[in-house]
Amino acid sequence: MLLAARFRVLLRQMNEARTILHTLTFNEELGAIAACELARSYNMSGDFSRAIDAASLAISKDGNYAEAYLVRGVAQRGLAYPSGEEDGLKEALKNFEAAAKRGGFGAAEASFHAGTVFGRLGALDAAETSLRQSLFQRDRFSARDALVRVLCASGKEAAAQEELSDRKSTRLNSSHTD
């Protein structure tokens with residue numbers, strides 16, 4: 001059932017997916033995962049308040065489920081980022097930090113999102129640290145792009161240029177075979 005719901009989310013059949021996921025939230029074994037997937041579906045459609053509620057439900061069912069903290073942080077950031085509302089951004093940061101601490105696959109993404117929030121708050125050194133942590137865990141274009149922007153905003157143009165050069169040489173080296 002969970003797989004069927006995930007497939008429907010991918011197909012953007014949100015009503016069908018949410019019907020399945022709501023039902024699965026009552027399952028003792030799958031409840032936290034289903035609530036987190038439900039939150040993710042609300043994030044995808046921009047319904048951030050409902051996403052926060054569903055992710056909070058997932059956390060109440062399993063306080064160690066790192067993905068739920070990540071998804072709740074994304075929803076909180078979605079509400080607060082456009083206006084720069086500081087309290088909402090700080091709530092998002094708490095969730096990203098909780099997800100990163102718990103490790104796992106989402107830790108790099110949590111560090112990336114934390115870096116973007118720190119950048120929005122003007123805490124450029126903290127943004128740089130978070131983005132570098134994200135890149136250390138998993139090198140992605142979006143994290144490197146955000147890092148370069150943060151470095152430029154910090155007046156560290158040489159470091160930004162070095163990041164761009166490192167990325168280019170890494171890409172060139174990985175395309176050559178012996």
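Seven residues of helix 9 are buried, namely Ala143, Arg144, Ala146, Leu147, Val148, Val150 and Leu151. Here buried means under 20% relative accessible area, exposed means over 50%, and partly exposed lies in between (1.4 Å probe, protein chains only). Helices are DSSP runs (H or I, at least four residues) and strands are likewise DSSP runs (E, at least two), numbered from the N terminus. The model is predicted: local features need pLDDT of at least 70, side-chain atom pairs count only at pLDDT 80 or more, and totals for chains, interfaces and linings use all residues. Residues are numbered from 1 along each chain as its sequence is written, and side-chain values use heavy atoms, with hydrogens and water left out.

Helix 9 has 13 residues. From its first C-alpha to its last, helix 9 reaches 18 Å, close to the 18 Å expected at 1.5 Å a residue. The expected span is 1.5 Å times one less than the number of residues. Gly155 follows helix 9 and has a positive phi, near 80°.

Ala146 belongs to helix 9. Its relative accessible area is 6%, so Ala146 is buried. Beyond its neighbours within four places in sequence, Ala146 is in contact with Phe112 and Leu131. Contact means heavy atoms within 4.5 Å. Ala146 and Gly73 are 73 residues apart in sequence, and their C-alpha atoms are 18 Å apart in space.

Ala146 also takes part in lining the largest pocket. The lining divides into five nonpolar, three polar and two charged residues. In this scheme Ala, Val, Leu, Ile, Met, Phe, Trp, Tyr, Cys and Pro count as nonpolar, Asp, Glu, Lys and Arg as charged, and the others, Gly among them, as polar. The volume of the largest pocket is about 160 Å³.

Rolling a probe the size of a water molecule over the atoms shows where empty space is left. The search uses a 1 Å grid over the protein atoms alone. A cavity is a set of points where a 1.4 Å probe fits but cannot get out, whereas a pocket is an open set with protein on both sides within 12 Å along at least five of seven lines. Lining residues have an atom within 4 Å of a point. Grid points are joined across faces, edges and corners, and a volume is the space filled by probe spheres set on the points.

Salt bridges number 12 in the structure. Each is a side-chain nitrogen of Lys or Arg within 4 Å of a carboxyl oxygen of Asp or Glu. Arg144 has a salt bridge to Glu163 at 2.2 Å, N to O. Glu163 lies in helix 10 (residues 157–175) and Arg144 in helix 9, so the pair ties together parts that are 19 residues apart in sequence. Both Glu163 and Arg144 are buried. Shared partners join Asp125, Glu128, Arg132, Asp139, Arg144, Lys156 and Glu163 into one network of salt bridges. Within it, Asp139 meets Arg144 at 2.9 Å, N to O. Asp139 is partly exposed at 37% relative accessible area, while Arg144 is buried at 11%.

Another salt bridge pairs Arg50 with Asp47 at 3.8 Å, N to O. Arg50 is partly exposed, with 48% relative accessibility. Asp47 is also partly exposed, at 28%.

Ser130 sits in helix 8 (residues 124–137). Its relative accessible area is 13%, so Ser130 is buried. Not counting residues up to four places away in sequence, Ser130 touches Ser111, Ala114, Gly115 and Phe118.

Helix 3 (residues 31–44) has 14 residues and should span 20 Å at 1.5 Å a residue. Its end C-alpha atoms are 20 Å apart, which agrees. Of the 14 residues, 11 are buried, so helix 3 is largely enclosed by the rest of the structure. Among the buried residues are Cys36, Glu37, Tyr42 and Asn43. Just after helix 3, Gly46 takes a positive phi of about 80°.

Ser56 is found in helix 4 (residues 48–61). Ser56 is partly exposed, with a relative accessible area of 25%. Ser56 and Tyr69 are 13 residues apart along the chain, and 8.1 Å separates their C-alpha atoms.
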